[in-house]
Amino acid sequence: MAIANLRFQPRLATWPVYLAGLLPALWYVYQIFHGDLGADPVKTLEHAMGEWALRFLILGLAITPLRREFGISLLKYRRAVGLTAFLYVVLHLLVYLLLDQGLDWAAIWADIIKRPYITIGMAGFLLLLPLAGTSFNAAIRWIGGRNWNRLHKLVYPAVLAGAVHYVLLVKSWPLEPLVYLGIVLMLLGWRVWRRA
Amino acid sequence: MLLRHAPDLSEREVTPRDLYVNRRQILAGFGGLMIAGAGNVQAAVKSPFSTQETPTSLKDITSYNNFYEFGTDKSDPARNAGRLTVKPWKVKIDGMVGKPGDYDLDDILKGMTIEERIYRMRCVEGWSMVIPWNGFPLASLLTRVEPLSGAKYVAFETLVRPSEMPGQAGLFKILDWPYVEGLRLDEAMHPLTLLATGLYGENLPNQNGAPLRLVVPWKYGFKGIKSIVRISLTDKEPRTSWNIQAPQEYGFYSNVNPAVDHPRWSQATERRIGDTGGLFAKRRPTLPFNGYADQVAGLYTGMDLRKFY
Ligand code: HEM
């Protein structure tokens, strides 16, 4: 597959990228103690973590198209972006389990089986688990690069699940979740188009 | 109505307002957000219908609102509603009434006793507040305009004014405007049903539905239509905005009912805004008819509330 000439390949190490990824979380930790999370702080956190998860997942999906189409190679940051996304999914889930539902397992289970948006969100989380679990070098060597590549295709349905989850949980049809879904569909569509 | 069976609704002692709201909050809450309310603030008379529960802070009540005419985010109404002109304000009362007309709000308020009613408010999204409303029973207004004998329902309409309501402007329509709501006539005439003109002893802030809004404490919050410009009596069940938008999710009645889930979320519990415990506050069980069952369950005897949700 043709790759546009690499026009831009930052030299920056990866650790600042990890650090930058933590900033939103740190900002919310600060808000918990010193700020104002609004009238319903639990929902504020739940929504913020969900939204950051989706943003980082989308950023991860954008890396290959950016390289192929625009010659911008951020490949070496992809793992940092992916793990950061996973961190926010985990925080999002923890807010839901601990703060929103207060570990009421009966209610949580009922939510998972009865509410399509929770079912789909949960599916997204489960799909991401093996990816997070294989994102260190030893794991890649262990399962082999080809299998690793194949396994990590799971990120496509996972991101789609996250975006659909967002569209399903809102009342009526506000713009924002549709914009996110639109971006995800474009990034996935690009892959289908490139293969065709 | 059986007040005797409602321990929660005992005669409320006269409570100095400073006990439940501090002055700084009043200033912060009303200073910038509210332009002009319905008119002069009238001293409110305490009501035996008030709950003893601790009212939610003025700040939370006035900064966390669903009022899609001003945007879909809960902080949008506080940000955008300041522009709304609420004076002068006319309410068209028409349909099956003996005295239809375009009534000036000031004239409607003449001779009305403004009461303080501290009500629980349960949002369909699973959160709740306790709000010290000021207002008068809808029944007082309806009686004045003399419903005809065939009238069975009351329909309500919110203002449409895209120049002052940014949520109504633009191409992307979140709901079909105007926002419309309705009640059965007996629900409308029930003494708990309130037309609110204020809260916390001040004129109603715009983001809470100034200058005149409906409050039906045993129904989900979205039944409490805001900034009312039209009240019509009819013999047919009126259309209601959320029912038009998603009929399988929102029924005409929309009584608070922990046993009937919204298809997308459970209604068994609720989060009380500003509850003690902060982030770790436990959800509370939701009560049938939002805790007003003793007063209103009789309106629905013989009805299958799963069917008429
Ligand atoms: C791929 C994984 C996931 C992504 C990307 C994701 C993303 C999101 C987003 C963007 C929102 C809306 C934020 C907003 O309104 O601003 C949200 C809300 C929510 N998510 Fe997730 N989510 C994921 C997984 C889950 C899981 C596993 C659960 C629970 C089992 C969950 C439960 C919720 C809940 C309860 C809400 C809030 C609903 C409400 O407004 O009441 N999510 N999520």
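Guide: A residue is called buried if 20 or more other C-beta atoms lie within 10 Å of its own, exposed if 12 or fewer do, and partly exposed in between, with C-beta atoms placed from the backbone. This is a predicted model: local features need pLDDT of at least 70 and side-chain atom pairs count only at pLDDT 80 or more, while totals for chains, interfaces and linings use all residues. Residues are numbered from 1 along each chain as its sequence is written, and chains are lettered from A and ligands numbered from 1 in the order in which they are written.

Visitor: What percentage of chain A is buried?

Guide: Chain A has 196 residues. Its C-alpha atoms fill a box of roughly 50 × 40 × 35 Å along the principal axes. By the count above, the buried share of chain A is 27%.

Visitor: UniProt has "transmembrane region" features on chain A; how much helix is in residues 12–32?

Guide: The unreviewed UniProt entry lists 12–32, 52–68, 80–99, 119–142, 154–171 and 177–193; positions use the numbering here, feature names are shortened, and annotations may be inferred rather than shown by experiment. In the model, the end C-alpha atoms of residues 12–32 of chain A lie 32 Å apart and the strand content is 0%. The helix content of that span is 86%.

Visitor: Which helix supplies the largest share of the shell around the ligand?

Guide: A residue is near the ligand if its C-beta atom, placed from the backbone, lies within 6 Å of it. Among the 23 residues around the ligand, A:H47, A:G50, A:G121, A:G124 and A:G162 come nearest. At least two shell residues each come from α2 (41–70), α3 (78–100), α5 (116–133) and α8 (155–169) of chain A. With seven residues, the largest share comes from α2(A).

Visitor: How many nonpolar residues does the side of chain A that touches chain B have?

Guide: Residues are in contact when their C-beta atoms, placed from the backbone, lie within 7 Å, and the contact takes 17 residues from chain A and 20 residues from chain B. On chain A's side, α4(A) gives the largest share, three residues. With Ala, Val, Leu, Ile, Met, Phe, Trp, Tyr, Cys and Pro as nonpolar, Asp, Glu, Lys and Arg as charged, and the others, Gly among them, as polar, that side has three polar residues, three charged ones and a nonpolar count of 11.

Visitor: What is the average pLDDT of chain B?

Guide: pLDDT, the predictor's confidence in each residue from 0 to 100, stays under 50 over residues 1–7 of chain B and is below 50 over residues 9–40 of chain B. Where pLDDT is low, the predicted coordinates should not be read in detail. In chain B, 86% of the residues score at least 70, and the average is 88.

Terms used:
Helices (H or I, at least four residues) and strands (E, at least two) are DSSP runs, numbered from the N terminus. Two residues are in contact if their C-beta atoms, placed from the backbone, lie within 7 Å.
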